[in-house]
Amino acid sequence: MSRARVIVLNSALGPLDYRVPHGMAVEPGSIVVAPLGPRQLIGVVWEADRLATEEVGDNRLRNLMAVADAPPIPAPLRRLIEWTADYYLAPLASVLRMALSSTSALEGGKTIIEYRATGEVPGRLTPQREQALDRIGDRQGLIRELAAIADVSDGVIRGLVKVGAIEGVSVDLDTPYPVPDPNFAPPDLSSVQADVASILRQAIGAEAFQPFLLDGVTGSGKTEVYFEAVAAALAAGKQSLVLLPEIALTEPFLKRFHARFGTEPIPWHSGLRQSQRRRAWRAIASGEALVTVGARSSLFLPYPKLGLIVIDEAHETSFKQEEGVHYHARDVAVMRGRFERCPVILASATPAIETRQQVALGRYEELKLPARYGAAEMPAIEAIDLLAEQPPRGRWLAPRLVKAIEATLERKEQALLFLNRRGYAPLTLCRTCGHRFQCPNCTAWMVEHRLIARLACHHCGHTLPTPRACPECDSEDSLVACGPGVERIADEVAALFPEAKTAVVTSDTIWSPAKAAEFVNRMEAGDIDIVVGTQLVTKGYHFPNLTLVGVVDADLGLEGGDLRAAERSFQQICQVAGRAGRGEKPGTVLIQTHSPKAPVMRALVSGDADSFYAAETEARREAGAPPFGRFAAIIVSSEDKDAALETARAVGRAAPQVEAMQVFGPAPAPLAMLRGRHRFRLLVHARRALDVQDVIREWLGALEWPARVRVVVDVDPYNF
Ligand code: ADP
């Protein structure tokens with residue numbers, strides 16, 4: 001008779017012991033159903049051993065109830081889960097949950113019932129039902145998914161089922177996915193590309209952990225080259241995982257992958273329907289799904305035979321998870337490669353300083369693609385000094401940029417204006433009394449969104465209709481929009497170029513894969529002349545007729561004094577500049593700035609990335625900042641401000657005296673209030689050699705927390 005030590009999901013408790021009943025076989029990794037109080041919870045067996053004779057009769061141990069019909073969590077993933085929990089100071093159960101995605105992935109059978117419109121509308125429908133049907137269109141999903149699409153209650157959808165306008169269909173979750181063909185349409189690689197590809201192919205064959213930095217300018221064919229590594233893994237029957245920083249990028253990626261391999265890979269991200277999720281999880285866990293493309297959460301899926309991990313745009317800060325388990329997908333990916341004994345490719349045109357440092361230390365092998373593929377040249381980059389060349393009053397585009405747009409339109413080419421700010425204006429102000437609209441739940445201004453006629457908080461999602469009068473002094477017509485967002489730039493463009501076809505591209509307008517596909521099609525068909533967009537347009541797209549990029553406010557990213565501000569600005573502007581001139585026509589990039597002499601602007605204009613990085617790296621070394629030293633943030637939050645501050649002070653008082661470590665604070669966190677919670681932060685700065693997690697674990701473990709106070713540790717934080 002044996003005992004199983006189980007990590008139970010949805011429970012704050014540590015591993016729990018259970019008895020394995022007669023006739024049930026479990027092993028480490030088995031997914032089981034375990035009783036906890038009156039509940040039945042999903043868990044994973046972490047250890048299994050025989051019960052000692054005297055324990056057999058011990059009836060304090062409860063019996064496990066069932067073993068799920070799914071393969072056990074493989075050993076390398078169990079090690080990754082332990083490493084992640086340990087390094088990021090997170091509960092094992094929270095990390096494990098990501099591996100099981102939603103526990104519903106395991107519930108129920110091999111089919112699921114979804115609903116869709118029948119196309120028949122019996123008799124007359126209420127306007128609400130009619131509108132719901134209209135919004136649903138030809139989409140399919142669970143009742144609650146359709147209700148969310150149509151923005152109605154579940155009851156409305158059920159009503160439509162009753163009258164026969166919507167019907168249930170059974171979806172088979174074990175329908176096999178088509179298999180990508182490594183030989184479907186292999187490219188003719190340039191000789192540099194071929195050299196790099198052959199190193200990667202060899203690494204796949206070696207079946208050993210090997211991290212690579214694939215460092216190539218935008219348009220040099222990084223994707224094309226790592227596809228060769230994917231092809232080699234496919235040919236060897238191994239699974240590959242490609243991580244993308246943003247869901248919006250999956251759509252163009254799927255298309256490209258299809259062109260190369262004859263079928264699409266399996267996408268994994270938060271936008272999947274329940275049926276898609278369950279089907280993908282099963283196919284990944286069984287090893288049938290050979291290529292997965294996903295957001296960072298796909299890193300924790302139970303691939304039984306992983307042979308390659310690619311992190312595309314590896315410098316992107318969106319790989320840093322800021323909720324729940326605070327982890328950095330780039331670092332976790334490298335650890336997973338280590339445990340799986342497989343190569344890991346970090347692809348980037350502007351690698352992070354942390355990654356460059358790994359190369360300098362000889363830990364990662366750097367593979368370079370120094371030039372754009374084919375006839376395409378790197379674009380010419382110029383700065384526009386906004387102090388010398390001011391836009392007219394109330395406008396944001398300098399005369400030189402406007403002229404350049406005009407010339408681009410005359411040549412029947414496309415232009416992109418980049419401003420990393422959604423909405424119309426970031427701040428609304430009363431001219432009479434000075435009132436500013438602030439979010440009631442967060443330390444943030446309300447952003448005006450003219451397209452939906454509301455003010456919105458970009459942190460908690462709180463919105464209100466755009467007011468006509470000031471709520472403070474009641475004056476009418478006294479509210480002014482301050483500063484530009486993309487919608488305002490689009491207005492300016494429309495006024496300057498009334499004939500041009502303009503598109504605004506932000507997460508407000510491109511909120512689904514279908515919308516992204518529609519945008520790509522319109523660009524390719526020449527149905528858009530000028531794109532105004534946020535960082536959403538800076539990545540992944542390849543539009544050969546796009547020849548002008550204008551950066552509306554290059555100084556935006558430099559505000560705030562963040563440790564990585566200059567580096568991030570450099571990366572972002574390189575990235576958007578990389579959209580210009582990707583085909584045969586040469587590209588131009590104009591950067592509007594108030595500080596053309598700032599090192600980052602000079603580096604962009606001169607193209608001298610190396611000296612910029614060298615200077616940034618040196619500054620980090622002097623400050624003991626990452627990658628030379630380490631930070632960890634301890635965030636104490638509560639709806640009760642005094643309770644949060646009191647607790648944060650107690651944490652500060654209990655800080656251990658450790659030579660290689662300094663503790664700053666508590667001070668209000670960068671977002672002092674977020675979603676109604678007051679936040680205070682202690683910042684721990686430590687030397688690299690110190691096991692800072694161990695210190696923090698012991699330090700915080702000895703404290704007791706008042707009810708309603710939450711404490712979160714962010715190891716290697718990104719928000720300063
Ligand atoms: P990166 O990922 O470095 O930005 P891509 O892989 O997207 O570069 O390549 C840029 C463009 O050049 C794409 O349209 C790609 O299809 C094309 N390209 C790159 N290498 C080749 C090649 N060997 N043969 C044909 N087209 C290529």
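1. Pro627 sits in the loop between helix H18 (609-623) and strand E27 (629-638); helices (H or I, at least four residues) and strands (E, at least two) are DSSP runs, numbered from the N terminus. The bond that joins Pro626 and Pro627 is a cis peptide bond, with omega about 5 degrees. Another cis peptide bond runs from Gly665 to Pro666, where omega is near 10 degrees. Pro666 belongs to strand E28 (residues 661-674).

2. On the basis of this note: the model is predicted, so to speak of local features takes pLDDT of at least 70, side-chain atom pairs count only at pLDDT 80 or more, and totals for chains, interfaces and linings use all residues. Residues are numbered from 1 along each chain as its sequence is written, and side-chain values use heavy atoms, with hydrogens and water left out.

3. Two aspartates have positive phi. For Asp151, a residue other than glycine, phi is near 60 degrees. Asp151 lies in the loop between helix H5 (143-150) and helix H6 (154-162) and is exposed, at a relative accessible area of 63%. Asp716 has phi near 55 degrees, also a positive value in a residue other than glycine. Asp716 is in the segment after strand E30 (710-715) and is buried, with a relative accessible area of 18%. Buried means under 20% relative accessible area, exposed over 50%, and partly exposed in between (1.4 Å probe, protein chains only).

4. Strand E26 (residues 588-593) has five of its six residues buried, so E26 is largely enclosed by the rest of the structure. Strand E16 (residues 380-385) runs parallel to E26 and is joined to it by six bridges; Ile381 has Val589 of E26 as its bridge partner. Strand E25 (residues 546-551) is also parallel to E26, with four bridges between them, and Gly550 stands opposite Leu590 of E26. Two strands pair if DSSP finds at least two bridges between them.

5. An open sheet is formed by three strands in the order E19-E20-E21, with antiparallel pairing. Its edge strands, each pairing on one side only, are E19 (447-449) and E21 (463-465). From one strand to the next the twist averages 30 degrees. Three bridges link strand E20 (residues 454-456) to E21, and Ala456 has Thr463 of E21 as its bridge partner.

6. Helix H2 (residues 75-87) packs against helix H11 (residues 329-340) at an angle of about 140 degrees, and their axes are 9 Å apart. Axes are lines fitted to C-alpha atoms, for helices over the stretch in contact, and angles run from 0 to 180 degrees between N-to-C directions. Pro76, Leu77, Arg79, Leu80, Trp83 and Thr84 of H2 meet Val332, Met335, Arg336, Phe339 and Glu340 of H11, where contact means heavy atoms within 4.5 Å.

7. Lys255 is part of helix H9 (residues 250-261) and is partly exposed, at 45% relative accessibility. Leaving aside residues up to four places away in sequence, Lys255 touches Val520, Asn521 and Glu524. Between Lys255 and Pro265 there are 10 residues of sequence separation and 9.7 Å in space, C-alpha to C-alpha.

8. The structure has zero disulfides, a disulfide being a pair of cysteine sulfur atoms within 2.5 Å. For Cys473, which is in no disulfide, the nearest cysteine sulfur is that of Cys433, 3.7 Å away. Cys473 is partly exposed, at 29% relative accessibility.
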